[in-house]
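Morning, everyone. I'll be quick.

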Amino acid sequence: HIKDIKLHYQNGWPDIDVLSGNMLFTGLGMDIMVDSGRYRDLEIGPTKVAIKRYDKPVLTIETDLNGSWMTQKQFILESPLKKKTGSFFRQLEVTGSTGLDLKLRIPLEGPVENGLKVDAHEKYPGNSVKLADWGLTAKNVSGKVRISEQGVEASSLKGRLFDKPLTVSIKPIKKNKKRFARIDVNATINPLWSLNEEKVSLKKEIKGASEWNLVFHVPDGSHSGESGGLTVSGKTDMKGLQIGLPAPLFKPSSEEQRELSFALEMRGPQSLSIKGRLGREITTDLHFVGKDLQQFERGEVRLGRGKARLPGSPGLHVIGRTELLDIDRWWSYIKDIETSKKQNSEADPLPLSRIDLTIGHLRLADQNYRDLAVDLQRRNYGWQVNLDNPDIKGRAKVPYPDFSNGTLEISLERLRIQPSPD
(Lines give C-alpha, C1' and ligand atoms only; values in the text may rest on other atoms or scores of the structure.)
Protein backbone atom coordinates (compact mmCIF):
# COMPACT_ATOMS: atom_id res chain seq x y z
CA HIS A 1 0.00 0.00 0.00
CA ILE A 2 1.26 3.48 -0.84
CA LYS A 3 0.12 6.85 0.53
CA ASP A 4 1.14 10.47 0.06
CA ILE A 5 4.02 9.89 -2.36
CA LYS A 6 5.20 11.80 -5.43
CA LEU A 7 5.20 9.62 -8.54
CA HIS A 8 7.97 10.46 -11.01
CA TYR A 9 7.12 8.08 -13.83
CA GLN A 10 9.30 9.43 -16.67
CA ASN A 11 11.70 12.32 -17.35
CA GLY A 12 10.03 15.18 -19.18
CA TRP A 13 6.56 14.40 -17.79
CA PRO A 14 4.95 16.20 -14.83
CA ASP A 15 5.07 14.41 -11.47
CA ILE A 16 1.79 13.53 -9.77
CA ASP A 17 0.99 13.26 -6.08
CA VAL A 18 -0.42 9.86 -5.13
CA LEU A 19 -2.73 10.23 -2.14
CA SER A 20 -3.68 6.57 -1.92
CA GLY A 21 -3.02 3.38 -3.89
CA ASN A 22 -1.34 0.02 -4.17
CA MET A 23 1.85 -1.16 -5.85
CA LEU A 24 2.54 -4.72 -6.99
CA PHE A 25 5.91 -6.07 -8.22
CA THR A 26 6.19 -9.40 -10.02
CA GLY A 27 9.01 -11.25 -11.72
CA LEU A 28 7.96 -9.86 -15.08
CA GLY A 29 6.82 -6.34 -14.36
CA MET A 30 5.08 -3.82 -12.13
CA ASP A 31 1.52 -2.55 -11.52
CA ILE A 32 0.44 0.55 -9.61
CA MET A 33 -3.24 1.14 -8.84
CA VAL A 34 -3.90 4.71 -7.73
CA ASP A 35 -7.19 5.27 -5.90
CA SER A 36 -6.82 9.04 -5.76
CA GLY A 37 -4.19 11.62 -6.57
CA ARG A 38 -3.53 15.23 -7.46
CA TYR A 39 -1.60 17.34 -9.95
CA ARG A 40 -1.57 20.88 -8.58
CA ASP A 41 -5.29 21.70 -8.21
CA LEU A 42 -6.49 18.84 -10.46
CA GLU A 43 -8.15 15.79 -8.96
CA ILE A 44 -6.84 12.51 -10.35
CA GLY A 45 -9.32 9.64 -10.35
CA PRO A 46 -8.61 5.89 -10.38
CA THR A 47 -5.37 5.37 -12.31
CA LYS A 48 -3.52 2.35 -13.67
CA VAL A 49 0.27 2.55 -14.13
CA ALA A 50 2.05 -0.55 -15.43
CA ILE A 51 5.24 -1.98 -16.90
CA LYS A 52 4.23 -5.41 -18.18
CA ARG A 53 7.73 -6.67 -18.97
CA TYR A 54 11.06 -5.41 -17.64
CA ASP A 55 12.93 -6.82 -20.66
CA LYS A 56 10.77 -4.69 -23.01
CA PRO A 57 10.13 -1.71 -20.77
CA VAL A 58 7.07 0.23 -21.87
CA LEU A 59 5.15 2.33 -19.36
CA THR A 60 1.34 2.47 -19.76
CA ILE A 61 -0.88 4.92 -17.89
CA GLU A 62 -4.65 5.19 -17.82
CA THR A 63 -6.09 8.06 -15.78
CA ASP A 64 -8.57 10.91 -15.71
CA LEU A 65 -8.00 14.47 -14.50
CA ASN A 66 -10.76 16.85 -13.48
CA GLY A 67 -10.68 20.52 -12.55
CA SER A 68 -9.33 23.79 -13.87
CA TRP A 69 -8.70 23.81 -17.62
CA MET A 70 -5.76 26.17 -17.13
CA THR A 71 -4.02 23.54 -14.98
CA GLN A 72 -4.76 20.85 -17.57
CA LYS A 73 -3.19 23.16 -20.15
CA GLN A 74 -0.12 23.48 -17.91
CA PHE A 75 0.09 19.67 -17.66
CA ILE A 76 0.10 19.41 -21.47
CA LEU A 77 2.69 22.19 -21.93
CA GLU A 78 5.02 20.63 -19.34
CA SER A 79 4.99 17.29 -21.18
CA PRO A 80 6.23 16.09 -24.59
CA LEU A 81 2.66 16.70 -25.82
CA LYS A 82 3.52 20.38 -26.20
CA LYS A 83 5.45 19.53 -29.39
CA LYS A 84 2.22 18.28 -30.96
CA THR A 85 -0.33 20.62 -29.39
CA GLY A 86 1.57 23.56 -27.87
CA SER A 87 0.76 26.15 -30.54
CA PHE A 88 -2.91 25.19 -30.41
CA PHE A 89 -3.32 25.31 -26.62
CA ARG A 90 -1.12 28.36 -26.05
CA GLN A 91 -3.66 30.52 -27.91
CA LEU A 92 -6.63 29.30 -25.84
CA GLU A 93 -8.00 30.56 -22.55
CA VAL A 94 -10.83 28.43 -21.18
CA THR A 95 -12.97 29.46 -18.22
CA GLY A 96 -14.21 26.80 -15.84
CA SER A 97 -13.55 23.13 -15.25
CA THR A 98 -13.10 20.37 -17.80
CA GLY A 99 -12.26 16.69 -17.73
CA LEU A 100 -9.33 14.90 -19.35
CA ASP A 101 -9.34 11.11 -19.92
CA LEU A 102 -5.72 10.17 -20.64
CA LYS A 103 -4.08 6.99 -21.95
CA LEU A 104 -0.30 6.96 -22.48
CA ARG A 105 2.15 4.39 -23.83
CA ILE A 106 5.71 5.60 -23.14
CA PRO A 107 8.79 3.59 -24.19
CA LEU A 108 11.46 3.63 -21.46
CA GLU A 109 14.32 2.86 -23.86
CA GLY A 110 15.32 4.86 -26.93
CA PRO A 111 13.77 8.14 -28.10
CA VAL A 112 10.34 8.65 -26.53
CA GLU A 113 8.94 10.17 -29.74
CA ASN A 114 9.54 6.95 -31.68
CA GLY A 115 7.11 4.89 -29.64
CA LEU A 116 4.93 7.38 -27.78
CA LYS A 117 1.21 6.66 -28.06
CA VAL A 118 -1.37 9.10 -26.72
CA ASP A 119 -5.13 8.83 -26.55
CA ALA A 120 -6.59 11.74 -24.55
CA HIS A 121 -10.13 13.09 -24.59
CA GLU A 122 -10.80 16.56 -23.20
CA LYS A 123 -14.44 17.17 -22.30
CA TYR A 124 -16.02 20.62 -22.52
CA PRO A 125 -19.35 20.72 -20.63
CA GLY A 126 -20.29 24.30 -21.63
CA ASN A 127 -17.22 26.50 -21.15
CA SER A 128 -16.23 29.93 -22.39
CA VAL A 129 -13.28 29.65 -24.79
CA LYS A 130 -11.21 32.69 -25.69
CA LEU A 131 -8.74 33.05 -28.57
CA ALA A 132 -6.50 35.62 -26.90
CA ASP A 133 -4.66 36.79 -30.03
CA TRP A 134 -7.94 37.36 -31.90
CA GLY A 135 -10.04 38.88 -29.13
CA LEU A 136 -12.78 36.30 -29.73
CA THR A 137 -14.73 34.55 -26.98
CA ALA A 138 -17.07 31.62 -27.67
CA LYS A 139 -19.58 30.75 -24.96
CA ASN A 140 -21.38 27.55 -23.97
CA VAL A 141 -18.79 25.41 -25.79
CA SER A 142 -19.57 21.72 -25.49
CA GLY A 143 -18.08 18.57 -27.00
CA LYS A 144 -14.83 16.60 -26.93
CA VAL A 145 -11.32 17.32 -28.18
CA ARG A 146 -9.07 14.31 -28.82
CA ILE A 147 -5.30 14.58 -28.39
CA SER A 148 -3.01 11.96 -29.89
CA GLU A 149 0.61 11.68 -30.99
CA GLN A 150 -0.66 13.00 -34.35
CA GLY A 151 -2.05 16.21 -32.86
CA VAL A 152 -5.48 17.61 -31.95
CA GLU A 153 -8.85 16.68 -33.45
CA ALA A 154 -12.55 17.24 -32.79
CA SER A 155 -15.51 16.24 -34.93
CA SER A 156 -18.11 18.74 -33.77
CA LEU A 157 -17.70 21.34 -31.03
CA LYS A 158 -20.81 23.47 -30.49
CA GLY A 159 -21.08 26.91 -28.94
CA ARG A 160 -22.22 30.51 -29.32
CA LEU A 161 -20.22 33.39 -30.84
CA PHE A 162 -21.69 36.91 -30.78
CA ASP A 163 -24.85 35.16 -29.57
CA LYS A 164 -25.05 33.17 -32.84
CA PRO A 165 -24.53 29.40 -33.35
CA LEU A 166 -20.92 28.25 -33.73
CA THR A 167 -19.57 24.90 -34.89
CA VAL A 168 -15.90 23.88 -34.91
CA SER A 169 -14.10 20.78 -36.17
CA ILE A 170 -10.37 20.06 -35.83
CA LYS A 171 -8.09 17.52 -37.46
CA PRO A 172 -4.31 17.07 -37.70
CA ILE A 173 -2.82 17.35 -41.19
CA LYS A 174 0.62 17.28 -42.76
CA LYS A 175 1.69 19.90 -45.30
CA ASN A 176 5.20 20.31 -46.74
CA LYS A 177 6.50 17.83 -44.13
CA LYS A 178 5.13 19.99 -41.29
CA ARG A 179 2.23 19.18 -39.00
CA PHE A 180 -0.72 21.52 -38.53
CA ALA A 181 -4.07 21.53 -36.80
CA ARG A 182 -6.74 22.30 -39.38
CA ILE A 183 -9.65 24.09 -37.69
CA ASP A 184 -12.91 24.53 -39.62
CA VAL A 185 -15.29 27.14 -38.20
CA ASN A 186 -18.83 28.04 -39.19
CA ALA A 187 -20.03 31.26 -37.54
CA THR A 188 -22.10 34.39 -38.15
CA ILE A 189 -19.98 37.52 -37.63
CA ASN A 190 -19.39 41.09 -38.75
CA PRO A 191 -16.09 41.19 -40.75
CA LEU A 192 -14.95 44.21 -38.71
CA TRP A 193 -15.73 42.73 -35.27
CA SER A 194 -12.21 43.46 -33.95
CA LEU A 195 -12.26 47.21 -34.68
CA ASN A 196 -13.08 49.88 -32.12
CA GLU A 197 -16.28 51.57 -33.27
CA GLU A 198 -15.44 54.91 -31.68
CA LYS A 199 -12.13 55.21 -33.52
CA VAL A 200 -12.81 53.54 -36.86
CA SER A 201 -15.34 55.20 -39.16
CA LEU A 202 -15.39 52.13 -41.41
CA LYS A 203 -17.22 50.05 -38.82
CA LYS A 204 -20.09 52.54 -38.76
CA GLU A 205 -20.61 51.98 -42.49
CA ILE A 206 -20.74 48.16 -42.33
CA LYS A 207 -23.66 46.87 -40.28
CA GLY A 208 -25.09 43.44 -39.58
CA ALA A 209 -23.42 40.04 -39.83
CA SER A 210 -23.14 37.21 -42.35
CA GLU A 211 -22.42 33.49 -42.17
CA TRP A 212 -18.74 32.65 -42.63
CA ASN A 213 -16.87 29.44 -43.34
CA LEU A 214 -13.36 29.81 -41.92
CA VAL A 215 -10.34 27.48 -42.13
CA PHE A 216 -7.34 27.89 -39.80
CA HIS A 217 -4.04 26.05 -40.21
CA VAL A 218 -2.19 26.24 -36.87
CA PRO A 219 1.40 24.89 -36.64
CA ASP A 220 1.63 22.02 -34.14
CA GLY A 221 4.59 23.53 -32.28
CA SER A 222 7.26 20.99 -33.35
CA HIS A 223 8.86 23.70 -35.52
CA SER A 224 9.14 26.26 -32.73
CA GLY A 225 12.40 27.62 -34.11
CA GLU A 226 10.59 28.91 -37.20
CA SER A 227 8.47 32.04 -37.52
CA GLY A 228 5.04 32.27 -39.02
CA GLY A 229 3.10 29.36 -40.43
CA LEU A 230 -0.42 30.31 -39.32
CA THR A 231 -2.87 30.70 -42.20
CA VAL A 232 -6.56 31.61 -42.19
CA SER A 233 -8.98 31.59 -45.11
CA GLY A 234 -12.65 32.47 -45.17
CA LYS A 235 -15.63 33.07 -47.41
CA THR A 236 -19.18 34.40 -47.09
CA ASP A 237 -22.09 35.34 -49.34
CA MET A 238 -22.48 38.62 -47.34
CA LYS A 239 -26.18 37.99 -46.79
CA GLY A 240 -27.08 39.91 -43.64
CA LEU A 241 -24.54 42.72 -44.22
CA GLN A 242 -25.44 46.30 -45.12
CA ILE A 243 -22.68 48.55 -46.52
CA GLY A 244 -23.09 52.32 -46.59
CA LEU A 245 -19.79 53.07 -48.31
CA PRO A 246 -19.88 54.86 -51.70
CA ALA A 247 -19.94 52.94 -55.00
CA PRO A 248 -18.54 50.49 -56.01
CA LEU A 249 -18.79 49.06 -52.46
CA PHE A 250 -22.32 50.30 -51.77
CA LYS A 251 -24.65 47.45 -50.67
CA PRO A 252 -27.93 48.90 -49.38
CA SER A 253 -29.82 45.64 -48.90
CA SER A 254 -28.83 43.00 -46.36
CA GLU A 255 -30.60 40.42 -48.56
CA GLU A 256 -28.28 41.04 -51.55
CA GLN A 257 -25.63 38.34 -51.95
CA ARG A 258 -22.01 38.90 -53.00
CA GLU A 259 -19.14 36.49 -52.64
CA LEU A 260 -16.42 37.75 -50.32
CA SER A 261 -13.30 35.71 -49.56
CA PHE A 262 -9.88 36.25 -47.98
CA ALA A 263 -6.63 34.43 -47.25
CA LEU A 264 -4.39 35.48 -44.34
CA GLU A 265 -0.83 34.24 -43.86
CA MET A 266 1.64 34.86 -41.06
CA ARG A 267 5.00 35.10 -42.82
CA GLY A 268 7.02 35.84 -39.68
CA PRO A 269 6.65 37.28 -36.17
CA GLN A 270 6.12 40.77 -37.63
CA SER A 271 4.82 40.07 -41.14
CA LEU A 272 1.19 39.47 -42.15
CA SER A 273 -0.22 39.06 -45.67
CA ILE A 274 -3.94 39.40 -46.43
CA LYS A 275 -5.39 38.71 -49.88
CA GLY A 276 -9.06 39.17 -50.65
CA ARG A 277 -11.71 39.11 -53.35
CA LEU A 278 -15.15 40.73 -53.56
CA GLY A 279 -17.19 39.13 -56.32
CA ARG A 280 -15.56 39.52 -59.71
CA GLU A 281 -15.01 43.24 -59.27
CA ILE A 282 -12.35 43.74 -56.59
CA THR A 283 -9.19 41.94 -55.43
CA THR A 284 -6.73 43.01 -52.73
CA ASP A 285 -3.17 42.17 -51.67
CA LEU A 286 -2.20 43.84 -48.37
CA HIS A 287 0.86 43.60 -46.12
CA PHE A 288 1.02 44.52 -42.42
CA VAL A 289 4.07 44.68 -40.14
CA GLY A 290 5.00 45.49 -36.53
CA LYS A 291 4.75 43.68 -33.22
CA ASP A 292 0.95 43.84 -33.19
CA LEU A 293 0.74 43.37 -37.00
CA GLN A 294 -1.59 46.39 -37.28
CA GLN A 295 0.82 48.72 -39.09
CA PHE A 296 -0.13 48.83 -42.77
CA GLU A 297 3.03 48.79 -44.91
CA ARG A 298 1.94 48.36 -48.53
CA GLY A 299 -0.79 46.91 -50.68
CA GLU A 300 -2.91 47.06 -53.80
CA VAL A 301 -6.64 47.17 -54.47
CA ARG A 302 -7.47 46.21 -58.07
CA LEU A 303 -10.86 46.97 -59.57
CA GLY A 304 -12.10 45.11 -62.61
CA ARG A 305 -10.10 42.46 -64.45
CA GLY A 306 -6.83 41.05 -63.21
CA LYS A 307 -5.47 40.16 -59.82
CA ALA A 308 -4.03 42.51 -57.19
CA ARG A 309 -0.27 42.32 -56.69
CA LEU A 310 1.83 43.70 -53.86
CA PRO A 311 3.43 46.98 -55.07
CA GLY A 312 7.13 47.66 -54.85
CA SER A 313 6.70 50.91 -52.89
CA PRO A 314 5.01 51.59 -49.52
CA GLY A 315 1.43 52.76 -49.27
CA LEU A 316 -1.89 51.70 -50.75
CA HIS A 317 -2.31 51.61 -54.53
CA VAL A 318 -5.78 51.53 -56.13
CA ILE A 319 -5.71 50.57 -59.83
CA GLY A 320 -7.87 49.12 -62.60
CA ARG A 321 -11.29 50.02 -63.98
CA THR A 322 -14.65 50.62 -62.36
CA GLU A 323 -17.91 51.52 -64.06
CA LEU A 324 -19.17 53.82 -61.31
CA LEU A 325 -17.33 55.97 -58.77
CA ASP A 326 -18.74 58.77 -56.60
CA ILE A 327 -15.47 60.59 -56.01
CA ASP A 328 -17.08 63.46 -54.08
CA ARG A 329 -18.31 61.07 -51.39
CA TRP A 330 -15.06 59.07 -51.31
CA TRP A 331 -12.98 62.24 -51.08
CA SER A 332 -15.09 63.54 -48.20
CA TYR A 333 -15.01 60.15 -46.49
CA ILE A 334 -11.22 59.71 -46.71
CA LYS A 335 -10.65 63.30 -45.58
CA ASP A 336 -12.82 62.74 -42.49
CA ILE A 337 -10.84 59.60 -41.59
CA GLU A 338 -7.45 61.30 -41.95
CA THR A 339 -8.58 64.40 -40.03
CA SER A 340 -9.84 62.17 -37.21
CA LYS A 341 -6.59 60.23 -37.16
CA LYS A 342 -4.50 63.41 -36.94
CA GLN A 343 -6.65 64.74 -34.09
CA ASN A 344 -6.10 61.50 -32.20
CA SER A 345 -2.38 61.37 -33.12
CA GLU A 346 -2.90 58.02 -34.79
CA ALA A 347 -1.17 56.60 -37.85
CA ASP A 348 -3.07 56.44 -41.13
CA PRO A 349 -4.91 53.06 -41.19
CA LEU A 350 -4.43 52.67 -44.97
CA PRO A 351 -2.05 55.37 -46.25
CA LEU A 352 -3.28 55.91 -49.81
CA SER A 353 -0.35 56.70 -52.11
CA ARG A 354 -1.50 55.99 -55.69
CA ILE A 355 -4.75 55.85 -57.68
CA ASP A 356 -4.63 54.77 -61.32
CA LEU A 357 -8.17 54.15 -62.53
CA THR A 358 -10.30 54.27 -65.63
CA ILE A 359 -13.80 55.19 -64.53
CA GLY A 360 -16.81 54.39 -66.72
CA HIS A 361 -19.00 57.00 -65.02
CA LEU A 362 -17.52 59.59 -62.64
CA ARG A 363 -19.42 62.32 -60.85
CA LEU A 364 -17.16 65.19 -59.79
CA ALA A 365 -18.13 68.75 -58.83
CA ASP A 366 -21.66 68.31 -60.27
CA GLN A 367 -20.21 67.17 -63.60
CA ASN A 368 -20.53 63.71 -65.16
CA TYR A 369 -17.56 62.22 -67.01
CA ARG A 370 -17.44 59.04 -69.10
CA ASP A 371 -14.43 56.72 -69.49
CA LEU A 372 -12.16 59.05 -67.55
CA ALA A 373 -8.53 58.03 -66.91
CA VAL A 374 -7.50 59.25 -63.45
CA ASP A 375 -3.92 59.09 -62.15
CA LEU A 376 -3.29 60.42 -58.62
CA GLN A 377 0.06 60.20 -56.87
CA ARG A 378 0.68 61.34 -53.33
CA ARG A 379 3.31 64.02 -52.77
CA ASN A 380 4.50 65.85 -49.66
CA TYR A 381 2.12 68.75 -50.43
CA GLY A 382 -0.89 66.55 -51.24
CA TRP A 383 -1.79 65.01 -54.62
CA GLN A 384 -0.48 65.19 -58.17
CA VAL A 385 -3.52 64.62 -60.40
CA ASN A 386 -3.69 63.73 -64.11
CA LEU A 387 -7.05 63.46 -65.94
CA ASP A 388 -7.83 62.41 -69.50
CA ASN A 389 -11.03 61.78 -71.47
CA PRO A 390 -12.83 63.48 -74.44
CA ASP A 391 -14.20 66.22 -72.14
CA ILE A 392 -11.21 66.98 -69.94
CA LYS A 393 -7.44 66.62 -70.10
CA GLY A 394 -4.87 68.15 -67.79
CA ARG A 395 -3.11 68.01 -64.46
CA ALA A 396 -3.42 69.56 -61.05
CA LYS A 397 -1.62 69.93 -57.72
CA VAL A 398 -4.12 69.51 -54.90
CA PRO A 399 -3.11 70.39 -51.30
CA TYR A 400 -4.26 67.77 -48.81
CA PRO A 401 -6.07 67.49 -46.47
CA ASP A 402 -6.80 71.25 -46.82
CA PHE A 403 -5.44 74.40 -48.47
CA SER A 404 -3.31 75.32 -45.45
CA ASN A 405 -0.75 72.97 -47.01
CA GLY A 406 -0.43 75.03 -50.21
CA THR A 407 -2.41 76.41 -53.17
CA LEU A 408 -4.45 74.58 -55.77
CA GLU A 409 -2.76 74.60 -59.19
CA ILE A 410 -4.62 73.46 -62.34
CA SER A 411 -3.32 73.21 -65.90
CA LEU A 412 -5.83 72.04 -68.54
CA GLU A 413 -5.37 71.28 -72.23
CA ARG A 414 -9.06 70.57 -72.76
CA LEU A 415 -12.30 71.20 -70.84
CA ARG A 416 -15.90 70.93 -71.96
CA ILE A 417 -18.41 72.19 -69.39
CA GLN A 418 -21.69 70.34 -69.34
CA PRO A 419 -24.71 72.64 -69.32
CA SER A 420 -26.85 72.73 -66.20
CA PRO A 421 -30.13 70.82 -66.55
CA ASP A 422 -31.89 74.02 -65.39
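**Strands, a ring pair and one asparagine**

Strand β22 pairs with strand β23 (residues 352–364) in the parallel sense, over ten bridges. Two strands count as paired if DSSP finds at least two bridges between them.

Some ground rules. This is a predicted model, where local features need pLDDT of at least 70, side-chain atom pairs count only at pLDDT 80 or more, and totals for chains, interfaces and linings use all residues. Residues are numbered from 1 along each chain as its sequence is written, and side-chain values use heavy atoms, with hydrogens and water left out.

Now the whole chain. The protein chain has five helices and 27 strands. Both are DSSP runs, numbered from the N terminus: helices are H or I with at least four residues, strands are E with at least two. Of the 422 residues in the protein chain, 42% are buried. Buried means under 20% relative accessible area, exposed means over 50%, and partly exposed is in between, using a 1.4 Å probe and protein chains only.

Next, aromatics. How many aromatic pairs does a search of the whole structure find? Three. One of them is Y39 with F75, edge-to-face, 5.2 Å centre to centre and 80° between the planes. This pair links distant parts of the chain: Y39 sits in strand β3 (residues 30–39), F75 in helix α1 (residues 69–77), 36 residues apart. The cut-offs: rings of Phe, Tyr and Trp (its six-membered ring) pair if their centres lie within 6.5 Å; planes under 30 degrees apart are stacked, over 60 edge-to-face, the rest tilted. Y39 and F75 are both buried.

Last stop, N389. Find it in the loop between β25 (382–388) and β26 (392–399). Is N389 buried or exposed? N389 counts as buried, because its relative accessibility is 4%. Leaving out residues up to four places away in sequence, N389 touches Y369, R370, D371, L372 and R414. Touching here is contact: heavy atoms within 4.5 Å. A polar atom of the N389 side chain lies 2.8 Å from the backbone oxygen of R370. The N389 side chain also reaches the backbone nitrogen of D391, at 2.8 Å.

Terms used: A polar contact is a pair of N or O atoms within 3.5 Å; within protein, one must be able to donate a hydrogen and the other to accept it, and residues adjacent in sequence count only if both atoms are side-chain atoms.
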